[in-house]
Amino acid sequence: MTSHRLYDGVKRVLDIALSVVGIVLTAPIQLVVALLVAVKLGRPVLFTQPRPGLNGKIFTLYKFRTMKPVDAANNVVSDSERLTTFGRLLRSTSLDELPALINVIRGDMSIVGPRPLLVAYLPRYSKLQARRHEVRPGITGLAQSSGRNAISWEQRFALDVQYVDNRSFRLDTAIIFKTIKTVFLREGISSGDSVTMTEFLGNDENSSS
């Protein structure tokens, strides 16, 4: 659709401009967070992981670490055991997401879009769910601003596809403001009894349209 192509082009320019400004303004905060991560969680300071982006192309995602490393000898293995109070604070305030501004400048991500999930999930999506990769993934998105980790996978993917079909600057602005509210109120950080979103194991509709 022509309107979406124009929107995507203009949005890319805005993403770069906003990310550069964001990095400059948050540089002191990121420096403090990096130092605290190094002291409280050790090195490396950054968490890096391959994630699928636009059209499923794999890129390296950058975030601040929020968990201790796996330590099988001391039974520090599960996410709940590895996630410290400091790590929870970083996640609840979304300060751990700030390094992803580099991903936006590189073209891996956008400010707003479906969240980049695990590479392992790619073959588990239905054809409809896979449409989330028709746009660049975002630091925040419609699903992220509508419950973060507290909503089900089905709801999350439905919102992702809804965003792909209805993306606009008006919707992006609404998502950003709603995300600020969600972060301020610290809503939807965990999923049920899990400290993070439970693993997506696929569904019975992977072959459906």
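I started with Leu 18, which lies in helix α1. Helices here are DSSP runs of H or I with at least four residues, strands are runs of E with at least two, and both are numbered from the N terminus. The model is predicted, so I note its limits: local features need pLDDT of at least 70, side-chain atom pairs count only at pLDDT 80 or more, and totals for chains, interfaces and linings use all residues. Residues are numbered from 1 along each chain as its sequence is written, and side-chain values use heavy atoms, with hydrogens and water left out.

**Entry: nonpolar patch**

I looked up the surface around Leu 18. Leu 6, Val 10, Leu 14, Leu 18 and Phe 169 make a nonpolar surface patch of about 450 Å². Helix α1 gives the most to this patch, with four residues. A patch takes residues with over 30% relative accessible area and no salt bridge, joining like charges within 9 Å and nonpolar side chains (Val, Leu, Ile, Met, Phe, Trp, Tyr) within 5 Å. The areas are Shrake-Rupley values with a 1.4 Å probe, and for residues only the protein chains shown count as cover.

**Entry: salt bridges**

I found ten salt bridges in the structure, each a side-chain nitrogen of Lys or Arg within 4 Å of a carboxyl oxygen of Asp or Glu. One of them joins the side chains of Asp 8 and Arg 167, at 3.0 Å from N to O. Asp 8 is in helix α1 and Arg 167 is in the loop between α5 (153-166) and α6, so the pair ties together parts that are 159 residues apart in sequence.

The peptide bond from Arg 43 to Pro 44 is cis, with omega near 0°, and Pro 44 is found in the loop between α1 and β1. Strands β1 (residues 46-52) and β2 (residues 58-64) pair in the antiparallel sense over seven bridges; pairing requires at least two DSSP bridges between two strands. Thr 48 stands opposite Tyr 62, and Gln 49 has Leu 61 as its bridge partner. Asn 55, in the loop between β1 and β2, has a positive phi near 60°. Most residues other than glycine have a negative phi, and most peptide bonds are trans.

**Entry: pocket and cavity**

I took the second largest pocket next; about 600 Å³ of space lies in it. Its lining has 17 residues, and Ser 94, Leu 98, Ile 139, Thr 179 and Ile 180 are the closest to its centre. α1 (2-40), β4 (138-140) and α6 (169-185) each supply at least two lining residues, and α6 gives the most, with four. The lining divides into nine nonpolar, seven polar and one charged. Ala, Val, Leu, Ile, Met, Phe, Trp, Tyr, Cys and Pro count as nonpolar, Asp, Glu, Lys and Arg as charged, and the others, Gly among them, as polar.

On a 1 Å grid over the protein atoms alone, a cavity is a set of points where a 1.4 Å probe fits but cannot get out, a pocket is an open set with protein on both sides within 12 Å along at least five of seven lines, and lining residues have an atom within 4 Å of a point. Points are joined across faces, edges and corners, and a volume is the space filled by probe spheres set on them. I count one cavity of 30 Å³ or more. The lining of the largest cavity includes Arg 115, Arg 132, Arg 156 and Asp 160.
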